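Dear colleague,

Please find below the structure that I am handing over to you, followed by an account of what was found in it. I would be grateful if you could read the text with the structure open beside it.

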Amino acid sequence: AGPEAVDGLQRLHLSVAATKYPRKLDGKFVEQLQTVLCSPKSPEQIQVLCAAILREMSPCNDLVLSCDEIQDTKLLSLVSSVLLAQGSRGEVAAVGQRVVQGLERRLPEGQSARFLLPVLANVISLSPGSLTEEQTNVVSKKLADWLRYASIQQGMAQPSGGFFSSPRTKQPAPITEVDGAVATDFFTVLSVAQHYTQDQWLNVQAFSMLRNWLLCYGGPGTSCPEKLWLPHPWKSTPGRLLPPRERLRDKAFAYCQRLVEQSTRRPLKKEDGDLQKACLIEAVTIMDIICKQDSSYVCRAVSCLKILHSRICGDATYARALLPIAQLFLNHSKQAAVDSDAIYKHLFSDIPALLFHNPSLAFEFVQFCKDNSQLFTDSSSIFRQSFPNLFKFLAWNSPALISEFVDLLPFLLDPGTATEIFHLLLDLPCLTAALDIQLRAAALPVSEKAGADPAGKPATCLEAFHHPLYRSMFQYLLRSRAAPEDAPDSLVPLRQLLGSLAGSPRVVQCAETVPVLLELFFRVVAEFADGSLINQLVVLLLQRSDQLYDIPAFKEDVYRVLGSNLAMLCGLRPALVVELSTEILEFSGAVSNIQSKEAIFTHMAWAVGEFLSVSHDKRCTVEQITRFFETLEAVLFEITQLRPQASTPSCAPRAISVLMATLTKLAARSQDLIPRVSMFLSKMRTFVQSPAVTSVYCEEDLEEILIRATELMNLLKMPSVAQFVFTPPVASTRFQKEVNDSLPLALRMVTQLLEPAAGSMPV
Amino acid sequence: MVRAFVLLAPGGPAPCRVLYARTFGTPPGAGPGGPRQRLRRKEQLLVVARQVASQCQLLQASLGRPSSPQLPQLPDEPVSLQDAPGGVFQMSPGDPFPERVTVVWLSVLALAFALVCEPQENLSLAEITLRRLAPRLLLSLRLLGPGADVLLRPDAADGLLDRLLPHGQMLFLNERFLQAVDRELGLKVSR
């Protein structure tokens with residue numbers, strides 16, 4: 001054994017690890033690896049490499065390893081890592097037994113239990129039912145001792161020999177707090193020493209695994225499905241020794257209280273500040289678990305945390321700790337009859353606006369909302385009303401949070417919030433841009449902030465932030481609470497101003513999340529929207545199609561989603577075609593819409609054809625049908641000119657087809673119009689053959705248009721059939737719906753009936 | 001508990017590569033046994049790595065940084081983690097692990113480090129743990145120098161993980177405890 005062995009093992013590990021497909025190693029060789037691993041004579045590096053190879057090959061059929069005979073705790077930990085990788089409940093249980101045995105008994109000289117606790121933590125995480133009640137009592141008792149009774153004096157340096165080290169004569173110094181003060185209470189993870197003793201190490205390990213231990217074995221009915229816990233027959237009485245579970249709870253709670261006190265001291269080393277906050281979060285979380293397991297702790301917890309909250313609520317660096325505090329109050333404050341509204345208000349009104357740019361806080365905040373989604377069902381609550389603030393997290397951290405928001409959005413939507421959220425989603429990339437400006441404006445020195453000339457126009461977005469022309473628009477976009485009545489008449493100037501940021505990567509990443517959320521929005525809203533809300537949304541949809549942030553890919557995607565959902569809404573409530581005829585006529589009559597917003601226009605035209613009929617709404621009159629007909633006819637006329645001018649919009653062939661079909665459908669219902677349509681359709685042959693047109697559209701598209709025109713014409717030759725085909729009874733059963741969906745097929749069939757000789761087309 | 005640790009090269013134009021990965025135990029009864037179990041493990045870790053790479057590239061883009069940063073000239077130059085981009089995201093049940101997991105990641109130069117955590121884990125501590133693992137791994141594996149050293153020195157990586165993340169257990173180590181760990185490992189970490 002030597003450097004060559006090390007080298008060889010390293011290469012072996014690489015060749016095993018490098019591929020995901022199985023590599024067969026000779027059974028004898030695998031046995032040898034295990035022998036070398038367990039041999040006390042092997043150097044540590046070799047042992048580590050053997051373990052790494054065995055782990056890498058797991059699950060392993062040739063494993064004869066067992067931890068029973070191993071006395072060295074470090075080696076036991078190493079061997080356990082291989083055994084726990086096998087995925088066998090039996091192996092996990094065996095490791096668990098061996099570790100508890102090691103903790104129970106006095107360890108041989110020089111061995112430390114320090115290496116055993118993480119193994120135990122892994123065991124209970126992999127297979128919670130591995131330990132018996134007796135064993136968990138043993139461990140609980142030891143954990144309680146390690147948490148509470150670790151030495152409060154600093155450890156001694158390892159003796160290095162020589163004249164100058166004489167550990168016996170030197171008095172050990174007391175431990176200190178992170179701010180340098182001498183500690184006056186028991187040892188915790190936030191205690192500072194130059195060197196640490198073994199039991200102090202165990203204190204750290206014990207606290208590190210405490211939360212999972214309590215979750216698993218701390219109380220009745222916890223996450224141990226395989227263990228049936230019977231309630232303990234006695235209650236805790238002061239002065240009497242508590243049973244192990246209750247005693248651990250008691251010591252754990254005291255530890256957490258001490259950590260709460262220690263975590264607001266000002267650390268001498270800056271890095272300890274980060275640990276303080278992590279400890280604080282852990283301590284509050286453990287307190288919450290303890291309160292769930294024994295409600296007699298609630299009063300103490302609540303009073304401790306109220307004081308803590310008032311101390312840290314103004315400090316942005318402690319913001320992440322506000323979440324577990326709020327969670328504890330949500331779980332228990334009813335019992336403590338405490339008014340915690342101020343805590344929730346601060347959390348939801350202030351924190352997101354201040355710290356949206358902190359990705360970790362953003363993630364944890366949204367998780368908190370998802371974990372407490374029942375809070376959002378009450379529409380008047382502070383939680384629900386704060387949705388504009390919540391969207392700031394998404395606007396700034398889009399890639400990381402989009403899937404979380406897909407889960408959260410349904411809880412925010414109800415008839416009261418739907419329209420405001422609709423606007424918010426469409427303006428989400430604007431919000432990103434506005435947040436960017438807000439951050440930059442806050443970073444400016446005070447002198448520059450007042451520099452903008454209120455009389456003139458602002459030269460940059462930054463100047464515009466405080467400018468009277470734009471200030472209220474910014475304030476609305478950046479609001480913290482739902483405010484449907486405060487919406488400014490138009491955010492158009494602000495959107496135009498923010499156009500300069502439309503290419504920024506963060507804005508673009510946000511824009512990419514909008515179509516997904518919009519699609520989800522419509523799906524959820526469709527489930528509860530009443531007629532009035534549907535109408536409102538359709539009107540808004542048509543309005544907003546002109547008022548979108550100018551990012552081309554964004555607009556295309558949004559039009560696509562809006563178009564298909566427009567059709568969906570019309571299907572939900574066909575009467576809206578009649579009720580909103582003014583808005584729809586205005587939209588459909590603008591030729592520019594067919595070019596710039598083809599997706600929306602096409603679906604709108606289709607919906608008119610489908611639903612503008614007496615069978616969907618008794619108020620549909622012949623005049624209305626005629627009015628729609630004339631509007632759409634004019635548009636179709638304009639885009640199918642034989643000699644298109646430069647000003648003629650070119651548009652997708654699909655739009656032409658849909659318009660033709662819609663006009664035909666309307667004519668079938670008001671038969672006076674049939675001659676007009678027939679004449680129009682018969683001119684399509686000339687249209688598709690015109691040289692100016694063939695240069696714009698491709699051959700397949702033109703052929704498709706011609707075929708469609710012919711089919712529609714033929715259908716109109718049999719008006720009563722046309723009427724039936726185009727105005728079926730309102731589809732209330734699945735069968736009828738299938739009839740509707742097979743319309744193109746029906747058209748083709750009719751065409752074939754009329755023209756048995758294929759290929760003959762009328763002139 | 002941490003389910004897995006992954007060290008990867010996110011790539012940029014190049015596809016991401018897993019340089020080192022360590023899982024901490026296999027949940028029993030969680031799926032097929034035998035070689036399929038190993039295959040599944042490898043593929044799960046690759047899915048995590050790809051997601052980390054994607055998030056990393058998106059974040060770099062939004063911060064206005066080049067997606068493939070250059071390595072420093074001197075391999076021993078101390079690496080500042082001050083502005084190291086990082087993040088956290090969740091992966092849904094079934095994609096790729098049976099249960100939900102939260103991934104905390106940190107990017108340093110052309111590498112990324114990730115911890116796959118059980119849900120409800122202390123994410124602040126996970127970030128601290130990553131910030132401690134990263135420079136120490138860079139140092140002992142000489143990751144900044146040329147050559148694929150990390151692939152050939154799993155023992156060095158294991159040794160570090162055994163002290164800072166033993167069996168996937170994150171530790172609440174204050175700075176003094178951390179110094180003690182460094183002494184045990186024989187590491188000279190610049191502070």
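Chain A has 763 residues, of which 54% count as buried. Please bear in mind throughout that this is a predicted model. The secondary structure of chain A consists of 39 helices and 0 strands. Among the contacts in chain A with a separation of 6 or more, 73% are between residues 24 or more positions apart. Its accessible surface is about 34300 Å², and carbon and sulfur atoms account for 55% of that surface.

I turn next to the interface between the two chains. On the side of chain A, 81 residues are in contact with 61 residues of chain B. Together the chains bury an area of about 6000 Å², with 53% of this area coming from carbon and sulfur atoms. Polar contacts between chain A and chain B involve 35 residue pairs, both partners being at pLDDT 80 or more. Helix α8 of chain A, residues 198-217, gives the most to the side that touches chain B, contributing 9 residues. By residue type, the side of chain A that touches chain B comprises 38 nonpolar, 24 polar and 19 charged residues. There are also 6 salt bridges between chain A and chain B. One salt bridge joins the side chains of Glu56(A) and Lys42(B), with an N to O distance of 2.9 Å.

Two residues within chain A may also be of interest to you.

The first topic is Cys570(A), which lies in helix α26, residues 552-572. Cys570(A) has a relative accessible area of 0% and is therefore buried. Beyond its neighbours within four places in sequence, Cys570(A) is in contact with Leu576(A), Met604(A), Ala607(A) and Phe611(A). Asp486(A) is 84 residues from Cys570(A) along the chain, and the C-alpha atoms of the two are separated by 29 Å.

The other is Thr513(A), found in helix α24, which covers residues 505-528 of chain A. Is Thr513(A) buried or exposed? Its relative accessibility is 7%, so Thr513(A) counts as buried, the cut-off for buried being under 20%. The side chain of Thr513(A) reaches the backbone oxygen of Cys510(A) at 2.6 Å. When residues up to four places away in sequence are not counted, Thr513(A) touches Ser398(A), Ile402(A) and Leu428(A).

With kind regards

Notes
Residues are numbered from 1 along each chain as its sequence is written. Chains are lettered from A and ligands numbered from 1 in the order in which they are written. This is a predicted model: local features need pLDDT of at least 70, side-chain atom pairs count only at pLDDT 80 or more; totals for chains, interfaces and linings use all residues. Side-chain values use heavy atoms; hydrogens and water are left out. Contact means heavy atoms within 4.5 Å. Buried area is the accessible area (1.4 Å probe) that two parts lose on being put together, summed over both. A salt bridge is a side-chain nitrogen of Lys or Arg within 4 Å of a carboxyl oxygen of Asp or Glu. A polar contact is a pair of N or O atoms within 3.5 Å; within protein, one must be able to donate a hydrogen and the other to accept it, and residues adjacent in sequence count only if both atoms are side-chain atoms. Helices (H or I, at least four residues) and strands (E, at least two) are DSSP runs, numbered from the N terminus. Ala, Val, Leu, Ile, Met, Phe, Trp, Tyr, Cys and Pro count as nonpolar, Asp, Glu, Lys and Arg as charged, and the others, Gly among them, as polar. Buried means under 20% relative accessible area, exposed over 50%, partly exposed in between (1.4 Å probe, protein chains only). Accessible areas come from the Shrake-Rupley method with a 1.4 Å probe; for residues, only the protein chains shown count as cover.
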